[in-house]
Amino acid sequence: MISDRFCKTLLMLIPLLLVAGCMTTHDRLLDMDTSQVQLRSIQSRAFDTTDKEKTMRAIIATLQDLGFMLDRADYTLGVVTASKARADVMQVPAALRVTVTVRPRGEKQLLVRANAEYQRGPVTEPKPYQNFFNSLEKAMFLEAHQVD
Amino acid sequence: MDMSRTLRIRVLLLPGLLLLAGCAAVTLDKDLNLTPEMFAQRQIQTRRFDTTDEQKILKTCAALLQDTGFNIDESETKLGILTASKERDATDAAQWAVFIVGSFFGVAIPPDKDQIMKAFVTTRPVGDSGNQVAVRVVFERIVFDTEHRIKKIEALSDPKIYQSFFEKLSKAVFLEAHDI
(Lines give C-alpha, C1' and ligand atoms only; values in the text may rest on other atoms or scores of the structure.)
Protein backbone atom coordinates (compact mmCIF):
# COMPACT_ATOMS: atom_id res chain seq x y z
CA MET A 1 0.00 0.00 0.00
CA ILE A 2 2.71 2.41 1.02
CA SER A 3 4.83 1.41 -1.87
CA ASP A 4 1.88 2.09 -4.17
CA ARG A 5 1.58 5.64 -2.83
CA PHE A 6 5.27 6.03 -3.17
CA CYS A 7 5.03 4.97 -6.79
CA LYS A 8 2.29 7.52 -7.42
CA THR A 9 4.36 10.27 -5.86
CA LEU A 10 7.25 9.29 -8.03
CA LEU A 11 5.06 9.34 -11.11
CA MET A 12 3.85 12.81 -10.19
CA LEU A 13 7.40 13.99 -9.77
CA ILE A 14 8.30 13.20 -13.36
CA PRO A 15 6.05 15.84 -14.96
CA LEU A 16 7.25 18.30 -12.33
CA LEU A 17 10.79 17.65 -13.36
CA LEU A 18 9.79 18.06 -16.98
CA VAL A 19 8.18 21.41 -16.21
CA ALA A 20 11.24 22.50 -14.25
CA GLY A 21 13.33 21.47 -17.23
CA CYS A 22 11.47 23.98 -19.36
CA MET A 23 12.48 26.85 -17.11
CA THR A 24 15.77 28.03 -18.48
CA THR A 25 17.97 31.08 -18.28
CA HIS A 26 17.78 31.51 -22.06
CA ASP A 27 15.81 34.72 -21.70
CA ARG A 28 19.06 36.41 -20.71
CA LEU A 29 20.32 36.00 -24.27
CA LEU A 30 18.27 38.98 -25.41
CA ASP A 31 18.01 40.89 -22.14
CA MET A 32 14.98 43.10 -22.37
CA ASP A 33 14.44 44.06 -18.75
CA THR A 34 15.15 47.78 -18.96
CA SER A 35 13.58 50.14 -21.41
CA GLN A 36 15.83 49.76 -24.42
CA VAL A 37 15.39 53.31 -25.60
CA GLN A 38 16.34 54.72 -22.23
CA LEU A 39 19.36 52.45 -21.96
CA ARG A 40 20.53 53.38 -25.44
CA SER A 41 20.43 57.03 -24.53
CA ILE A 42 22.43 56.40 -21.33
CA GLN A 43 25.05 54.47 -23.28
CA SER A 44 25.43 56.79 -26.28
CA ARG A 45 27.07 60.12 -27.02
CA ALA A 46 27.54 62.04 -30.26
CA PHE A 47 30.81 63.76 -31.16
CA ASP A 48 31.22 66.54 -33.73
CA THR A 49 33.72 64.71 -35.91
CA THR A 50 33.69 62.31 -38.82
CA ASP A 51 37.18 60.97 -38.17
CA LYS A 52 36.49 57.36 -37.25
CA GLU A 53 40.14 56.42 -36.88
CA LYS A 54 40.89 59.26 -34.49
CA THR A 55 37.78 58.49 -32.45
CA MET A 56 38.62 54.81 -32.17
CA ARG A 57 42.20 55.62 -31.20
CA ALA A 58 40.90 57.97 -28.49
CA ILE A 59 38.58 55.24 -27.19
CA ILE A 60 41.45 52.74 -27.04
CA ALA A 61 43.75 55.28 -25.36
CA THR A 62 41.06 56.09 -22.78
CA LEU A 63 40.50 52.44 -21.99
CA GLN A 64 44.26 51.94 -21.67
CA ASP A 65 44.45 54.95 -19.35
CA LEU A 66 41.70 53.41 -17.22
CA GLY A 67 43.75 50.24 -16.86
CA PHE A 68 41.75 48.06 -19.25
CA MET A 69 43.30 45.32 -21.37
CA LEU A 70 42.15 45.06 -24.96
CA ASP A 71 40.25 41.92 -25.95
CA ARG A 72 39.27 42.75 -29.50
CA ALA A 73 39.30 45.63 -31.96
CA ASP A 74 38.05 45.91 -35.52
CA TYR A 75 38.37 49.13 -37.47
CA THR A 76 35.96 48.15 -40.23
CA LEU A 77 33.20 47.27 -37.79
CA GLY A 78 34.13 50.14 -35.49
CA VAL A 79 34.17 47.86 -32.45
CA VAL A 80 36.48 47.80 -29.44
CA THR A 81 36.13 45.39 -26.52
CA ALA A 82 38.27 45.69 -23.41
CA SER A 83 38.16 44.37 -19.88
CA LYS A 84 39.58 45.12 -16.49
CA ALA A 85 39.85 42.39 -13.91
CA ARG A 86 41.57 42.51 -10.56
CA ALA A 87 41.88 39.99 -7.78
CA ASP A 88 43.87 39.76 -4.59
CA VAL A 89 43.94 37.62 -1.48
CA MET A 90 42.12 40.22 0.61
CA GLN A 91 39.73 41.47 -2.07
CA VAL A 92 36.71 40.14 -3.88
CA PRO A 93 37.75 39.42 -7.48
CA ALA A 94 35.90 41.65 -9.91
CA ALA A 95 35.70 42.12 -13.64
CA LEU A 96 34.44 44.98 -15.76
CA ARG A 97 34.03 44.52 -19.49
CA VAL A 98 33.19 47.21 -22.00
CA THR A 99 32.32 47.10 -25.69
CA VAL A 100 32.43 50.42 -27.50
CA THR A 101 31.07 50.92 -31.01
CA VAL A 102 31.50 53.85 -33.35
CA ARG A 103 29.19 54.64 -36.26
CA PRO A 104 28.25 57.68 -38.31
CA ARG A 105 25.36 59.82 -37.13
CA GLY A 106 24.17 62.08 -39.90
CA GLU A 107 26.72 63.87 -42.06
CA LYS A 108 28.81 65.58 -39.42
CA GLN A 109 28.78 63.40 -36.34
CA LEU A 110 29.89 60.06 -34.98
CA LEU A 111 27.85 58.13 -32.46
CA VAL A 112 29.80 56.35 -29.75
CA ARG A 113 28.00 53.69 -27.80
CA ALA A 114 29.42 51.87 -24.79
CA ASN A 115 28.04 48.71 -23.21
CA ALA A 116 29.40 47.67 -19.85
CA GLU A 117 29.14 44.40 -18.00
CA TYR A 118 30.07 44.16 -14.33
CA GLN A 119 30.23 40.95 -12.29
CA ARG A 120 28.24 38.94 -14.84
CA GLY A 121 25.46 41.48 -15.17
CA PRO A 122 24.64 44.45 -17.41
CA VAL A 123 25.38 47.96 -16.18
CA THR A 124 22.19 49.96 -16.53
CA GLU A 125 22.74 52.96 -14.26
CA PRO A 126 23.82 56.22 -15.95
CA LYS A 127 26.72 57.24 -13.68
CA PRO A 128 29.40 54.75 -14.87
CA TYR A 129 28.70 55.69 -18.50
CA GLN A 130 28.89 59.37 -17.63
CA ASN A 131 32.29 58.77 -16.05
CA PHE A 132 33.50 56.88 -19.10
CA PHE A 133 32.37 59.57 -21.53
CA ASN A 134 33.91 62.28 -19.33
CA SER A 135 37.21 60.43 -19.58
CA LEU A 136 36.77 59.99 -23.34
CA GLU A 137 36.00 63.70 -23.85
CA LYS A 138 39.43 64.54 -22.49
CA ALA A 139 41.16 62.22 -24.96
CA MET A 140 39.01 63.45 -27.86
CA PHE A 141 39.39 67.16 -27.08
CA LEU A 142 35.72 67.31 -28.06
CA GLU A 143 32.48 67.63 -26.22
CA ALA A 144 30.24 64.58 -25.89
CA HIS A 145 26.64 65.41 -26.78
CA GLN A 146 23.73 63.64 -25.19
CA VAL A 147 21.42 62.03 -27.76
CA ASP A 148 17.81 60.93 -27.48
CA MET B 1 42.98 32.84 30.65
CA ASP B 2 45.39 32.57 27.80
CA MET B 3 42.81 30.85 25.62
CA SER B 4 40.21 33.55 26.10
CA ARG B 5 42.78 36.18 25.22
CA THR B 6 43.65 34.58 21.88
CA LEU B 7 39.97 34.15 21.25
CA ARG B 8 39.37 37.81 21.92
CA ILE B 9 42.15 38.76 19.53
CA ARG B 10 40.67 36.49 16.88
CA VAL B 11 37.21 37.96 17.38
CA LEU B 12 38.69 41.43 16.99
CA LEU B 13 40.57 40.42 13.86
CA LEU B 14 37.54 38.93 12.17
CA PRO B 15 35.58 42.15 11.44
CA GLY B 16 38.77 43.64 10.02
CA LEU B 17 39.17 40.71 7.68
CA LEU B 18 35.54 40.85 6.70
CA LEU B 19 35.82 44.53 5.90
CA LEU B 20 38.84 43.91 3.71
CA ALA B 21 37.21 40.97 1.98
CA GLY B 22 34.10 43.06 1.39
CA CYS B 23 35.73 45.50 -1.01
CA ALA B 24 35.74 44.53 -4.65
CA ALA B 25 38.96 44.86 -6.60
CA VAL B 26 37.20 46.69 -9.43
CA THR B 27 34.20 48.97 -8.87
CA LEU B 28 31.94 50.93 -11.17
CA ASP B 29 32.53 54.09 -9.14
CA LYS B 30 36.26 54.35 -9.41
CA ASP B 31 37.35 52.31 -12.41
CA LEU B 32 35.82 54.45 -15.16
CA ASN B 33 37.23 57.69 -13.79
CA LEU B 34 40.66 59.01 -14.67
CA THR B 35 42.79 59.51 -11.56
CA PRO B 36 46.20 61.15 -11.10
CA GLU B 37 47.66 57.67 -10.44
CA MET B 38 46.49 56.59 -13.89
CA PHE B 39 48.30 59.54 -15.47
CA ALA B 40 51.42 58.65 -13.50
CA GLN B 41 51.21 55.13 -14.89
CA ARG B 42 50.87 56.51 -18.42
CA GLN B 43 54.07 58.48 -17.87
CA ILE B 44 55.97 55.33 -16.89
CA GLN B 45 54.51 53.21 -19.68
CA THR B 46 55.00 55.61 -22.60
CA ARG B 47 57.97 56.73 -24.73
CA ARG B 48 58.22 58.86 -27.87
CA PHE B 49 60.34 58.01 -30.88
CA ASP B 50 61.46 60.40 -33.64
CA THR B 51 59.90 58.70 -36.63
CA THR B 52 56.85 59.00 -38.84
CA ASP B 53 56.73 55.28 -39.49
CA GLU B 54 54.14 54.05 -36.99
CA GLN B 55 53.84 50.65 -38.67
CA LYS B 56 57.54 49.98 -38.39
CA ILE B 57 57.41 50.67 -34.64
CA LEU B 58 54.43 48.38 -34.23
CA LYS B 59 56.16 45.63 -36.22
CA THR B 60 59.24 45.97 -34.05
CA CYS B 61 57.07 45.74 -30.92
CA ALA B 62 55.55 42.51 -32.23
CA ALA B 63 59.02 41.10 -32.91
CA LEU B 64 60.27 42.19 -29.50
CA LEU B 65 57.33 40.59 -27.71
CA GLN B 66 57.93 37.42 -29.70
CA ASP B 67 61.61 37.51 -28.71
CA THR B 68 60.57 37.66 -25.06
CA GLY B 69 58.32 34.61 -25.42
CA PHE B 70 54.93 36.24 -25.96
CA ASN B 71 52.31 35.03 -28.43
CA ILE B 72 50.36 37.66 -30.34
CA ASP B 73 46.64 37.53 -29.51
CA GLU B 74 45.13 40.49 -31.32
CA SER B 75 46.31 43.29 -33.58
CA GLU B 76 44.88 46.09 -35.69
CA THR B 77 47.53 48.04 -37.55
CA LYS B 78 45.14 50.78 -38.60
CA LEU B 79 44.49 51.61 -34.95
CA GLY B 80 48.04 50.96 -33.75
CA ILE B 81 47.29 48.15 -31.32
CA LEU B 82 48.80 44.84 -30.37
CA THR B 83 48.07 42.41 -27.54
CA ALA B 84 50.13 39.41 -26.54
CA SER B 85 50.30 36.85 -23.77
CA LYS B 86 52.37 34.00 -22.38
CA GLU B 87 51.98 31.31 -19.75
CA ARG B 88 54.75 30.82 -17.26
CA ASP B 89 55.53 29.05 -14.04
CA ALA B 90 54.90 31.14 -10.91
CA THR B 91 56.28 28.86 -8.21
CA ASP B 92 57.67 30.80 -5.29
CA ALA B 93 59.88 28.97 -2.78
CA ALA B 94 58.96 31.35 0.05
CA GLN B 95 55.23 30.71 -0.47
CA TRP B 96 55.83 26.97 -0.33
CA ALA B 97 57.68 27.41 2.97
CA VAL B 98 54.74 29.40 4.39
CA PHE B 99 52.33 26.78 3.05
CA ILE B 100 54.18 23.87 4.71
CA VAL B 101 54.52 25.67 8.05
CA GLY B 102 50.90 26.84 7.79
CA SER B 103 49.63 23.29 7.16
CA PHE B 104 50.83 22.28 10.60
CA PHE B 105 48.64 24.93 12.17
CA GLY B 106 45.71 24.25 9.88
CA VAL B 107 45.88 27.57 8.00
CA ALA B 108 47.26 26.71 4.62
CA ILE B 109 47.01 29.14 1.73
CA PRO B 110 47.70 27.25 -1.51
CA PRO B 111 50.88 28.61 -3.09
CA ASP B 112 51.11 30.14 -6.57
CA LYS B 113 51.65 27.76 -9.45
CA ASP B 114 51.07 29.25 -12.91
CA GLN B 115 50.68 32.70 -14.35
CA ILE B 116 49.44 34.24 -17.57
CA MET B 117 51.30 37.40 -18.48
CA LYS B 118 49.65 39.85 -20.84
CA ALA B 119 50.97 42.79 -22.82
CA PHE B 120 48.94 45.54 -24.48
CA VAL B 121 50.77 47.91 -26.85
CA THR B 122 49.39 51.02 -28.50
CA THR B 123 51.12 53.38 -30.90
CA ARG B 124 49.98 56.78 -32.09
CA PRO B 125 51.46 59.64 -34.09
CA VAL B 126 52.18 62.66 -31.90
CA GLY B 127 53.85 66.04 -32.20
CA ASP B 128 52.72 69.11 -34.10
CA SER B 129 53.33 67.68 -37.55
CA GLY B 130 53.01 64.06 -36.54
CA ASN B 131 56.77 63.55 -36.71
CA GLN B 132 56.91 61.39 -33.61
CA VAL B 133 55.31 58.13 -32.56
CA ALA B 134 54.29 57.50 -28.95
CA VAL B 135 54.41 53.91 -27.79
CA ARG B 136 52.62 52.75 -24.67
CA VAL B 137 52.86 49.27 -23.24
CA VAL B 138 50.94 47.83 -20.28
CA PHE B 139 51.78 44.51 -18.63
CA GLU B 140 49.42 42.52 -16.44
CA ARG B 141 49.44 39.07 -14.93
CA ILE B 142 46.95 36.49 -13.71
CA VAL B 143 48.28 34.12 -11.05
CA PHE B 144 46.78 30.69 -10.38
CA ASP B 145 47.36 28.62 -7.25
CA THR B 146 48.03 24.87 -7.05
CA GLU B 147 44.27 24.25 -7.14
CA HIS B 148 43.92 26.14 -10.46
CA ARG B 149 42.01 28.96 -8.86
CA ILE B 150 42.71 32.57 -9.76
CA LYS B 151 44.65 33.98 -6.86
CA LYS B 152 45.70 37.33 -8.16
CA ILE B 153 45.12 39.57 -11.17
CA GLU B 154 47.39 42.57 -11.08
CA ALA B 155 48.87 45.27 -13.25
CA LEU B 156 52.64 45.12 -13.31
CA SER B 157 53.64 48.62 -12.32
CA ASP B 158 57.35 48.34 -11.56
CA PRO B 159 58.98 51.14 -13.64
CA LYS B 160 62.03 48.91 -14.22
CA ILE B 161 59.99 46.50 -16.36
CA TYR B 162 58.97 49.34 -18.64
CA GLN B 163 62.41 50.88 -18.74
CA SER B 164 63.87 47.57 -19.82
CA PHE B 165 61.17 47.07 -22.49
CA PHE B 166 61.81 50.49 -24.01
CA GLU B 167 65.57 50.05 -23.89
CA LYS B 168 65.19 46.89 -25.96
CA LEU B 169 62.73 48.56 -28.32
CA SER B 170 65.03 51.53 -28.71
CA LYS B 171 67.92 49.26 -29.72
CA ALA B 172 65.74 47.34 -32.15
CA VAL B 173 64.51 50.42 -34.04
CA PHE B 174 67.87 52.27 -33.82
CA LEU B 175 66.09 55.27 -32.32
CA GLU B 176 66.33 57.04 -29.03
CA ALA B 177 63.35 56.75 -26.67
CA HIS B 178 62.15 60.06 -25.18
CA ASP B 179 60.02 60.48 -22.08
CA ILE B 180 56.62 62.01 -22.70
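Predicted model: local features only at pLDDT ≥ 70, side-chain atom pairs only at ≥ 80, totals over all residues.
1. **Chain A, make-up.** Chain A has four helices and seven strands. Along the sequence they run α-α-β-α-β-β-β-β-β-α-β. So read the pattern with helices and strands taken as DSSP runs, numbered from the N terminus.

2. **Chain A, packing.** Chain A has 148 residues, and 29% of them are buried. Take the contacts in chain A between residues at least 6 apart in sequence: 51% of these join residues at least 24 apart.

3. **Chain B, make-up.** Chain B contains five helices and seven strands. Their order along the sequence is α-α-β-α-β-β-α-β-β-β-α-β.

4. **Chain B, packing.** Chain B has 180 residues, of which 27% count as buried. For contacts in chain B with a separation of 6 or more, residues 24 or more positions apart account for 57%.

5. **The contact between the chains.** Chain A brings 34 residues to the contact, and chain B brings 32 residues. On the chain A side, five elements each supply at least two residues: helix 3 (52-65), strand 2 (69-74), strand 3 (79-88), strand 4 (91-105) and helix 4 (126-140). Which of them gives the largest share? Helix 3 of chain A does, with seven residues.

6. The side of chain A that touches chain B has 20 nonpolar residues. Nine charged and five polar residues make up the other classes there.

7. **A helix pair in chain B, geometry.** Look next at helix 3 (residues 54-67) and helix 5 (residues 159-173) of chain B. Their axes come within 10 Å and cross at roughly 120 degrees. Why are the two helices called oblique? Angles of 65 to 115 degrees count as roughly perpendicular, and only those over 145 as roughly antiparallel. The crossing at roughly 120 degrees falls between these ranges, so helix 3 and helix 5 of chain B are oblique to each other. Helix 3 of chain B passes helix 5 of chain B in a right-handed crossing.

8. Helix 3 of chain B uses K56(B), I57(B), T60(B), C61(B), A63(B) and L64(B). These meet K168(B), L169(B), A172(B) and V173(B) in helix 5 of chain B. By class, this helix contact has seven nonpolar residues, one polar and two charged.

Conventions:
Residues numbered from 1 in each chain as written. Chains lettered and ligands numbered in written order. Contact = placed C-beta atoms within 7 Å. Nonpolar A, V, L, I, M, F, W, Y, C, P; charged D, E, K, R; others polar. Axes fitted to C-alpha atoms, helices over the stretch in contact; angles between N-to-C directions. Parallel < 35°, antiparallel > 145°, perpendicular 65-115°, else oblique. Left-handed = near helix turned anticlockwise from the far one by under 90°. Buried ≥ 20, exposed ≤ 12 C-beta atoms within 10 Å, placed from the backbone.
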